[in-house]
Amino acid sequence: MARRRKPKLAVWKFASCDGCQLTLLDCEDELLALAGEVEIAYFLEASRAVVRGPYDLSLVEGSISTPEQVEQIREIRRQSRFLVTIGACATAGGIQALRNFADVRGFLDLVYARPEYVRTLEKSLPASAYVPVDFELRGCPIGKGPLLELLSAFLNGRRPNIPNHSVCIECKRRGIVCVMVAQGTPCLGPVTHAGCGALCPAYRRGCYGCFGPMETPNPTSLGNWLLTHGMSSPDLVRLFRTFNTYAPAFKEAGERYAEAADVDRAR
Amino acid sequence: MASLESAIPTPGQAWRMEKARLQELLDALNRQGYTVIGPRIREGAIVYDELQRLTDLPIGWTDEQEKGYYRLKRREDEAYFGFAVGPHSWKQFLHPPVFLLGRARRNGQGFEWIPPTDPPPRYAFLGVRACELHAIAILDRVFMGGPYVDPVYRARREAVFLIAVQCTVAGGTCFCASMGTGPKAPPGADLVLTELPDAFVVEIGTERGAAVMAGIPCAPATEADRAAVEARLEETARAMGRRLDTTDLPALLYRNLEHPRWEEVAQRCLTCGNCTMVCPTCFCFTVEDASDLSGTQAERVRRWDSCFTTAFTYTAGHPIRQSAKARYRQWLTHKLASWWDQFGTSGCVGCGRCITWCPVGIDLTEEVHAIRQTDGTIAGERR
């Protein structure tokens with residue numbers, strides 16, 4: 001039997017910090033094995049050698065933030081058998097989606113000396129707002145373990161085994177003591193997608209939700225509990241408005257507590 | 001005195017042991033190859049972990065527990081076991097949260113199966129509470145009670161040495177007295193300790209327990225000691241932070257499956273799964289296979305799972321229990337009702353962990369009480 005052609009892997013960058021694609025380079029022990037299994041066809045952070053499309057698997061980092069990027073992501077979709085978005089920017093719009101809650105032209109005038117040179121979209125959005133996406137890998141940045149699981153699943157033709165339940169389940173499996181119950185530290189773990197292995201609670205910090213909302217999040221209940229335990233509405237807004245601010249469940253929670261904060265201010 | 005020291009402990013006897021002699025008990029267990037696990041302070045809570053010295057115990061500490069609330073507090077005395085149960089349970093040692101079942105290596109057209117080779121650990125549990133002995137008995141029934149015995153659980157369970165310590169304080173979320181699971185330890189432990197101000201009363205439960213105690217100088221317990229133990233247990237039972245009326249409980253829940261309270265609690269439930277993780281009897285797990293990049297090696301791992309995840313009921317294309325209401329109702333009715341049908345016991349031992357460690361303080365005793373108060377109400381019929 002002839003050896004199958006090595007699948008072609010491409011890694012793309014949009015509005016982002018590069019941290020997620022760096023996770024691929026961080027797979028030091030597995031990188032050679034990976035290079036043996038795939039043809040790294042497009043990965044500018046690692047090599048300027050570029051192989052033309054089409055590609056079997058495209059990993060897309062970053063949010064869609066400019067009109068050119070809309071065209072690019074559509075072209076990448078056309079050239080890709082599987083398209084997987086990686087990280088909070090590509091899956092939810094990223095921290096830069098904070099601008100979605102205000103008039104972007106206001107920022108342009110404030111930040112740039114010649115704002116007329118800047119072409120930007122009203123909103124920073126995930127790739128899925130423009131093209132169909134086969135799988136979303138969460139995190140800010142993504143974790144090495146889930147990335148390798150995704151690649152193994154792709155190479156072996158199976159579904160990736162990446163749970164979308166809460167961080168709490170990972171936290172409790174590790175035997176970590178709950179920071180919310182035992183310390184009163186606000187923690188987004190109960191509404192946040194697993195994948196980090198409960199990194200922050202392991203260091204006695206609250207989860208700040210960098211993997212975005214879990215499968216069936218209830219941020220209203222968590223937020224109301226925090227509100228009745230001394231957290232202010234503006235602090236709750238800040239809690240939900242970080243790297244996954246525009247992920248639907250966190251966006252709604254942020255808007256709800258922003259309204260409450262406005263009411264408080266008006267009083 | 002010499003005659004007392006040469007007396008041989010036998011099951012059914014009670015002895016009075018000076019507190020400091022507990023170290024000799026630990027040493028004896030260590031010499032027999034046991035890893036002693038017991039309560040110690042970590043991350044602001046009393047957890048179960050390896051013990052070397054008596055001073056590892058949370059001597060002089062207690063806990064304040066309420067729904068969604070746990071804090072350590074100094075006691076006014078130097079009691080060794082003056083606290084209630086914490087976030088951990090013995091489940092994590094008998095039914096590990098993550099366990100590698102084996103590896104598979106590709107071998108031509110087939111594959112070779114490589115089972116784990118490490119011998120199972122030999123644990124001695126120090127400080128098992130009455131509710132926890134009941135919980136272990138429940139897990140025994142689940143994992144070893146039928147025709148299909150779980151080898152991972154059995155290997156750990158059969159090796160374990162159990163030292164119960166009867167509760168002399170009740171926690172703020174405890175309700176073992178309502179469930180008939182404490183504070184008096186049921187049979188099953190090798191040794192049962194009760195802490196008095198100046199000594200432990202040690203009841204010998206098994207021959208193994210007698211053998212360990214044989215090397216430790218102590219005197220037979222007096223009538224006054226036994227009376228003091230009973231008095232302490234009664235005091236603890238009276239001080240329960242919670243109560244649950246269990247009258248006709250399965251039937252109450254079965255006839256109220258459409259009660260509006262389920263929808264109400266679902267508004268608060270985070271479906272995070274914490275209650276199931278901390279529950280000493282929740283046993284569900286998932287088995288996952290992971291292949292490596294080259295597809296030549298695979299690992300099969302089992303992990304604690306929870307009925308609060310959607311993947312838990314993923315069947316034929318979609319999860320069956322999609323709503324939080326369906327999942328909370330499933331969990332509570334399984335614990336308190338259908339567990340009886342399935343295993344012949346309650347699935348709840350009244351330890352209160354699910355109340356304390358729910359991040360938003362959902363209290364199952366409150367939920368059951370609310371349903372009982374409005375028994376027969378059907379969602380959508382009121383207002």
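Student: Which residue in β2(A) does A:Ala10 stand opposite?
Tutor: Happy to start there, and note that this is a predicted model, where local features need pLDDT of at least 70, side-chain atom pairs count only at pLDDT 80 or more, and totals for chains, interfaces and linings use all residues. Residues are numbered from 1 along each chain as its sequence is written, with chains lettered from A and ligands numbered from 1 in the order in which they are written. Strands are DSSP runs (E, at least two residues; helices are H or I, at least four), numbered from the N terminus. The residue of β2(A) opposite A:Ala10 is A:Tyr42.

Student: Over how many bridges do β1 and β2 of chain A pair?
Tutor: Two strands count as paired if DSSP finds at least two bridges between them. Strand β1 (residues 8–13) of chain A runs parallel to β2(A), and the pairing spans 4 bridges.

Student: Which strands stand at the edges of the sheet in chain A?
Tutor: The open sheet has 5 strands, paired in parallel in the order β2-β1-β3-β4-β5. An edge strand has a single partner, so one side is left without a neighbour in the sheet; here these are β2 (39–43) and β5 (135–137) of chain A.

Student: What angle does helix α3 of chain A make with β4(A)?
Tutor: Axes are lines fitted to C-alpha atoms, for helices over the stretch in contact (C-beta atoms, placed from the backbone, within 7 Å); angles run from 0 to 180 degrees between N-to-C directions. Helix α3 (residues 67–79) lies across β1, β3 (55–61) and β4 (80–86) of chain A, and its angle to β4(A) is about 130°.

Student: How many residues of chain B are in contact with chain A?
Tutor: On the chain A side, 34 residues take part, and on the chain B side the number is 41.

Note on methods
Contact = placed C-beta atoms within 7 Å.
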